Amino acid sequence: MTSEVTSGHGGDSHSSGHDGHDGHASHQQHRQHHITPVSVYLKTFAALLILMLITIYASFINLGAANNFISMGIAITKALLVILFFMQVKYGTKLTWLWASLGFIWFLLMFGISSDYVTRKWIPVPGWQPAHSEQK
Amino acid sequence: MSVEAIQPAGHAHGNGHGHPPEQAHQFEDMPQQNEVYVVGMWTFLVTEIMFFGALFLAYTTYRMLHPDVFLDAHRHLNVTLGGINTVVLLTSSFFMAMGVRAAQLRSQTWQLFWIALTILCAFAFLGIKTVEYKEKFDHNLFPGQTFHYFSVGEHGGASETAAFTPEKSNVPQGEAEMFFVLYFVMTGLHGIHVIIGIIVFAVMWLMIKFKHPAMNYYMWVEMAGLYWHFVDIVWIFLFPLYYLIPG
């Protein structure tokens with residue numbers, strides 16, 4: 001009994017400990033909880049700090065519209081690093097991957113659908129007064 | 001009547017099946033239970049993405065409509081303090097990741113250590129944020145009756161108090177106010193999340209300290225960690241969008 005407790009319980013702390021239920025061995029292995037090495041956390045942390053410095057530096061150089069793409073690109077990269085490593089989604093199950101992406105997919109959908117807002121001042125509509133009403 | 005009574009013989013406690021005490025009866029095994037917990041936490045985070053997402057959309061819309069106003073108004077924000085706060089929050093996320101690791105390895109000492117550091121960082125973040133907010137209140141930049149916008153020069157926010165010279169601006173008051181409405185709503189909501197994080201961590205710290213049996217299961221700390229990393233992600237986007245508008 002004691003050994004079984006260890007395999008179910010401590011299986012999480014020992015990376016090799018998934019011997020409990022042979023029938024589901026491969027399934028089990030896939031779902032095993034992952035202990036991330038400290039070095040991975042340190043590298044992630046360092047990468048986040050470097051990216052932050054780059055984004056601050058880049059914001060003081062005027063590159064026109066490219067500035068926005070750079071700053072958002074870096075922010076998305078940083079978010080991905082946090083999600084994959086700090087939040088351990090990289091080592092998560094497929095269901096975790098699906099759930100972790102859901103919110104962001106919804107977010108992209110909302111942005112995509114709302115992008116028609118840009119086109120709304122093309123045709124003058126009574127009652128619609130955009131801020132910069134210099135229509136052609 | 002008892003749960004044990006209706007369990008198949010092999011599943012009741014202490015009869016040789018030997019599943020860990022923190023495993024609930026309805027779960028096949030610990031990995032399944034862990035997955036359910038993680039997915040449940042992510043479901044909550046999806047709702048968080050939804051309401052923060054709506055605010056980010058509002059921000060994008062207004063910035064698209066009034067790019068010049070946003071450029072002018074963002075100079076009131078202090079890049080140095082914002083940058084320090086970013087470092088503080090990223091560091092706290094790292095500490096929390098280490099705390100979750102300590103929980104997974106079942107080290108009480110290290111859990112207490114890393115969670116305490118996380119709480120300290122959270123307080124530092126709120127302290128710096130308070131300094132920033134106070135400045136905005138002092139300059140009548142909090143939206144409402146007393147709101148009065150004025151422009152500051154190119155590096156207004158960066159070079160603080162002493163060389164503070166309000167300039168006559170032709171920026172429309174209402175549109176500048178909208179910038180600060182969004183700023184206070186989004187950073188304020190983020191700040192509330194930080195406060196909630198501190199409360200959750202403080203309770204967990206005490207429960208670990210006094211060896212509450214529930215804390216034998218590391219998933220509680222791990223889920224608090226997921227929440228905290230999400231708060232960090234929100235700030236990762238808030239920082240460039242408010243403090244680093246190029247132009």
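**Figure 1. Packing of helices α4(B) and α7(B) in the predicted model.** In this predicted model, the axes of α4(B) and α7(B) cross at roughly 160° and come within 9 Å of each other. Because angles over 145 degrees count as roughly antiparallel, α4(B) is described as roughly antiparallel to α7(B). The crossing in which α4(B) passes α7(B) is left-handed.

**Figure 2. Residues at the contact of α4(B) with α7(B).** On the side of α4(B), the contact comprises B:Val79, B:Gly82, B:Thr86, B:Leu89, B:Leu90, B:Ser93, B:Met96, B:Ala97, B:Gly99, B:Val100 and B:Ala103. These residues meet B:Val221, B:Glu222, B:Gly225, B:Trp228, B:His229, B:Asp232, B:Trp235, B:Phe239 and B:Tyr243 of α7(B). By class, the contact of α4(B) with α7(B) holds 12 nonpolar, 6 polar and 2 charged residues.

**Figure 3. Packing of α3(A) against α4(B) across the two chains.** From α3(A), the contact is made by A:Tyr41, A:Phe45, A:Leu48, A:Leu49, A:Met52 and A:Ile56. From α4(B), the partners are B:Val79, B:Gly83, B:Thr86, B:Val87, B:Leu90, B:Phe94, B:Ala97 and B:Met98. The contact of α3(A) with α4(B) has 12 nonpolar and 2 polar residues, and no charged residues.

**Figure 4. The side of chain B that touches chain A.** In the predicted model, 47 residues of chain B are in contact with 50 residues of chain A. Within chain B, the elements that give two or more residues to this side are α2 (30–65), α4 (79–104) and α7. The largest share comes from α2(B), with 17 residues. The residues on this side of chain B divide into 27 nonpolar, 14 polar and 6 charged.

**Figure 5. The largest nonpolar core and its helix α7(B).** The largest nonpolar core has 78 residues, of which B:Phe179, B:Val234 and B:Leu238 touch the most other members. Helix α7 of chain B, residues 219–243, gives the most to this core, with 19 residues. Apart from neighbours within four places in sequence, B:Leu238 is in contact with B:Met186, B:Thr187 and B:His190.

**Figure 6. Helical elements of chain A.** Chain A contains 5 helices and 0 strands, and its elements run α-α-α-α-α from the N terminus on. Of the 136 residues in chain A, 24% are buried. Considering contacts in chain A between residues at least 6 apart in sequence, 31% join residues at least 24 apart.

**Figure 7. Helical elements of chain B.** Chain B contains 7 helices and 0 strands, following the pattern α-α-α-α-α-α-α along the sequence. Buried residues account for 39% of the 247 residues of chain B. Among contacts in chain B between residues at least 6 apart in sequence, 74% join residues at least 24 apart.

Methods:
Residues are numbered from 1 along each chain as its sequence is written. Chains are lettered from A and ligands numbered from 1 in the order in which they are written. This is a predicted model: local features need pLDDT of at least 70, side-chain atom pairs count only at pLDDT 80 or more; totals for chains, interfaces and linings use all residues. A nonpolar core is a set of buried Ala, Val, Leu, Ile, Met, Phe, Trp, Tyr and Cys residues joined through C-beta atoms within 7 Å. A residue is buried if 20 or more other C-beta atoms lie within 10 Å of its own, exposed if 12 or fewer, and partly exposed in between; C-beta atoms are placed from the backbone. Helices (H or I, at least four residues) and strands (E, at least two) are DSSP runs, numbered from the N terminus. Two residues are in contact if their C-beta atoms, placed from the backbone, lie within 7 Å. Ala, Val, Leu, Ile, Met, Phe, Trp, Tyr, Cys and Pro count as nonpolar, Asp, Glu, Lys and Arg as charged, and the others, Gly among them, as polar. Axes are lines fitted to C-alpha atoms, for helices over the stretch in contact, and angles run from 0 to 180 degrees between N-to-C directions. Angles under 35 degrees count as roughly parallel, over 145 as roughly antiparallel, 65 to 115 as roughly perpendicular and the rest as oblique. A crossing is left-handed if the near helix is turned anticlockwise from the far one by less than a right angle, and right-handed if clockwise.
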